[in-house]
Amino acid sequence: MSYEYDERRSVSDAFAAALRDAINARHVTLSWLHQQLNMRGNRVSMATLSYWRSGARRPEGAQSLAALVDIEDLLGLDAGALRRHLGPTNRTGPLGPNQFPLDEEELERAVMVAFEALGASYPDTSRELTTHSVTDVDADGNVAYSITRSIVQSTIGTITAIPFLEITPGVSTPAPVLSAVSGGRITARYSHPDGEVHGVLFELDVPLTAPDTAMVEWSVTYPPDYPPMRDTGHALAQKARELLVWTRFHPDAVPDWCEERVETPEGVTVTDIPLTRGTSVHLVRRAFGPGALGLHWGYGTRADQPG
């Protein structure tokens, strides 16, 4: 059972106990409380009040919190006496669009084929709240290994598995080895015939019902016949709270130049990144997506610059 779920459950229980104690101390019924709220213009249903009292649900959103202010007054409590038991919310909040992060229709069709082959619905109904993608570069200056840690959330209903893909637009590759590190296991694999999309189905340790969250971690290693790659990054189909792309270079392969590439359905932005912090580069975006955040690097003089 995830820590996030345990914490939210204990918060809900504390609030429910405080509400029950207050109702009993005032010697009123839930029906009386419902009537009084209606008279004040707070249209909270009896079922909702019952859920709050039992701990099955907790007040969320502006309307419910406004009703809670009146409940505290009606029960003769100090302002905030009940609200202080709520703690932070774990609602999904505004999700924004769920769309393919790159402006490439053929690649999206290949991704849709991959989802179908993996037994996953498209688009995915999970989202990444926070993702840290870490890539190691070998002594030849090429991608050698990556590991990704993410807090994932169910946005609709209950999910039991999430598809994770490796995409190399315009470059056909053999299948890399995607492995589950923590939070679940790999139950299916698929490689598209064009070699640009490879994926796995990551079955979660515990099913997630919206808005529950879980921590997952997966890694990617590359076979000997994999083409040299001097790009890394991470793509999101929905907005995330934070995305970190950290690229760590071998001490003998620190690049001469780096470019940050931000690609969204609207287009691509490329920015030079100065190498001023040792042997690694980290890119951070908050409230980012849909889109892809990546790093491209090289050695010697760039082809688009004079020598």
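**Close-up 1. Pro 211 is found in the loop between β6 and β7.** Helices (H or I, at least four residues) and strands (E, at least two) are DSSP runs, numbered from the N terminus. This is a predicted model, in which local features need pLDDT of at least 70 and side-chain atom pairs count only at pLDDT 80 or more, while totals for chains, interfaces and linings use all residues. Residues are numbered from 1 along each chain as its sequence is written, and side-chain values use heavy atoms, with hydrogens and water left out. Pro 211 is joined to Ala 210 by a cis peptide bond, with omega about 5°. Look for Thr 158 too: 53 residues separate Thr 158 and Pro 211 in sequence, and 9.1 Å separate them in space, C-alpha to C-alpha. Thr 158 lies in strand β3. Leaving out residues up to four places away in sequence, Thr 158 touches Pro 207, Leu 208 and Thr 209; contact here means heavy atoms within 4.5 Å.

Close-up 2. Pro 123 sits in the loop between α5 and β1. You will find His 27 in the loop between α1 and α2 (30-39). Most residues other than glycine have a negative phi, and most peptide bonds are trans.

**Close-up 3. Three strands form an open antiparallel sheet in the order β3-β6-β5.** Two strands pair if DSSP finds at least two bridges between them. β3 and β5 (184-191) are the edge strands, each pairing on one side only. From one strand to the next, the twist averages 25°. Seven bridges link β5 with β6 (residues 197-209) in the antiparallel sense. Here, Arg 189 stands opposite Val 200 in β6. Helix α5 lies across β3, β5 and β6, running at about 135° to β3; axes are lines fitted to C-alpha atoms, for helices over the stretch in contact, and angles run from 0 to 180 degrees between N-to-C directions.

**Close-up 4. Six strands make an open sheet with mixed pairing, in the order β4-β7-β2-β1-β9-β12.** β4 (177-182) and β12 (280-288) stand at the edges with a single partner strand each, so one side of each has no neighbour in the sheet. β1 and β2 run antiparallel and are joined by eleven bridges. Thr 131 stands opposite Ser 150 in β2.

**Close-up 5. The lining of the largest pocket has 26 nonpolar, 13 polar and eight charged residues.** Ala, Val, Leu, Ile, Met, Phe, Trp, Tyr, Cys and Pro count as nonpolar, Asp, Glu, Lys and Arg as charged, and the others, Gly among them, as polar.

**Close-up 6. Confidence is lowest in helix α1 (residues 3-26), at a mean of 72, and highest in β5, at 98.** The score is pLDDT, the predictor's confidence in each residue, from 0 to 100. Over residues 1-9 the pLDDT is below 50. The chain averages 88.
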